[in-house]
Amino acid sequence: MRIAVTGSIATDHLMTFPGRFADQLVADQLHTVSLSFLVDNLDVRRGGVAANICFGMGQLGTSPILVGAAGSDFDEYRAWLDRHGVDTASVRISETQHTARFVCTTDEDHNQIGSFYTGAMSEARLIELKTVADRVGGLDLVLIGADDPEAMLRHTEECRSRGIPFAADFSQQIARMDGDEIRTLLDGAAYLFSNEYEKGLIESKTGWSNEEILGRVGHRVTTLGSRGVRVERVGEEAIEVGCPEEEGKVDPTGVGDAFRAGFLSGLSWGASLERAAQIGCMLATLVIETLGTQEYTLRRAHFMDRFTKAYGFEAAAEVQSHLS
């Protein structure tokens, strides 16, 4: 399968302050705050939901197509993704904006002060999927991830008009969307991804029940945190898959993106829904054990040993033939 992943491409600039923000605030002067914090360290990490998902798919050898907008400062990030099996030729490079950036400072109590610069992401609405499809010889599935809202709407409408199956994955953007926008983006999706909280928010904002939503999408894939994932279809018994045992919990950032990468890779191999969900959960486990969304290394033997322990020899035999 040729799978394109649309969505944000960003870098995270993360700093730590060896003190408490609260100690620097004067109660009767909050209307004129002017503060500067001397921080101990700076971590620059690659991120963005589309780039994270594509990185994971690349690690699994499925050659994903990254579709999004970045700035002229993308060269180093592009080289990183290219080295890890991602097709970056359809990334739009802005002539005027920097790549989207999240800048955040965390104090010793884990309070955070952060800012998000959308930058080049606002130009994702100018990307036409037909151009991408023509370049690669057609698209079998497009995942429409969190991005510039107008880009998400345009990509969804283009998929419908051109008959390209698509997956809806609102994630961070669901908070700013109203019911009409969510209904437009999910109606007719082959797959609808969300976590458990977002599932309830989708139902609340659209006014549609779970059964009504299932009638409008092919599959509803809901991640359940440490309990794994549930995959639902109309008229079928739900598939529930648990998570492999963790070797340690370091950082949950990017775990959902890793699950999607594994799930989509399973689909591209022609694996069953249950097997695809198992691959997603295994990859997500590697990410939660690592600091950073793209800092994990997929060692084939290690991956298969843990996959076999979690899901059995029969499941592992099916996956091994593709992972090799």
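Ser90 touches Ile65, Leu66, Val67, Gly68, Val132 and Arg135 once residues up to four places away in sequence are set aside, a contact being heavy atoms within 4.5 Å. The model is a predicted one, in which local features need pLDDT of at least 70 and side-chain atom pairs count only at pLDDT 80 or more, while totals for chains, interfaces and linings use all residues. Residues are numbered from 1 along each chain as its sequence is written, and side-chain values use heavy atoms, with hydrogens and water left out.

Ser90 is found in the loop between α2 (75-83) and β6 (92-93), where helices (H or I, at least four residues) and strands (E, at least two) are DSSP runs numbered from the N terminus. Because its relative accessibility is 11%, Ser90 counts as buried; the scale takes under 20% relative accessible area as buried, over 50% as exposed and what lies in between as partly exposed, with a 1.4 Å probe and protein chains only. The side chains of Ser90 and Arg135 are joined by a polar contact of 3.0 Å, that is, a pair of N or O atoms within 3.5 Å, of which, within protein, one must be able to donate a hydrogen and the other to accept it, residues adjacent in sequence counting only if both atoms are side-chain atoms.

Glu289 has its place in the loop between α9 and α10 (300-311) and, at 19% relative accessibility, counts as buried. Its side chain makes a polar contact of 2.6 Å with the side chain of Arg306. Not counting residues up to four places away in sequence, Glu289 touches Arg306 together with Glu245, Glu246, Glu247, Gly248 and Val250.

The side chain of Ser272 reaches the backbone nitrogen of Arg275 at 3.1 Å. The C-alpha atoms of Ser272 and Ile288, which are 16 residues apart along the chain, are separated by 25 Å.

Helix α9 (residues 273-288) packs with helix α11 (residues 313-323) at an angle of about 80°, their axes lying 11 Å apart; axes are lines fitted to C-alpha atoms, for helices over the stretch in contact, and angles run from 0 to 180 degrees between N-to-C directions. The two helices are therefore roughly perpendicular to each other, a class that covers 65 to 115 degrees. Arg275, Gln278 and Ile279 of α9 make this contact with Ala315, Glu318 and Val319 of α11.

Phe307, leaving aside neighbours within four places in sequence, is in contact with Arg275, Gln278, Ile279, Met282, Gly312, Ala315, Ala316 and Val319. Phe307 is also, with Phe263 and Phe303, among the residues with the most contacts inside the largest nonpolar core, which has 57 residues; such a core is a set of buried Ala, Val, Leu, Ile, Met, Phe, Trp, Tyr and Cys residues joined through side-chain atoms within 4.5 Å. Helix α9 supplies the largest share of this core, eleven residues. A second, separate core of 30 residues includes Ile127, Ala151, Met177 and Leu192.

Two further serines concern the backbone. Ser63, in the loop between α1 (49-59) and β4 (65-67), has a positive phi near 50° and is exposed, with a relative accessible area of 51%. Ser171, in the loop between β10 (166-168) and α5 (179-186), has a positive phi of about 35° although it is not a glycine, and is buried, with a relative accessible area of 15%.

How values were computed. Parallel < 35°, antiparallel > 145°, perpendicular 65-115°, else oblique.
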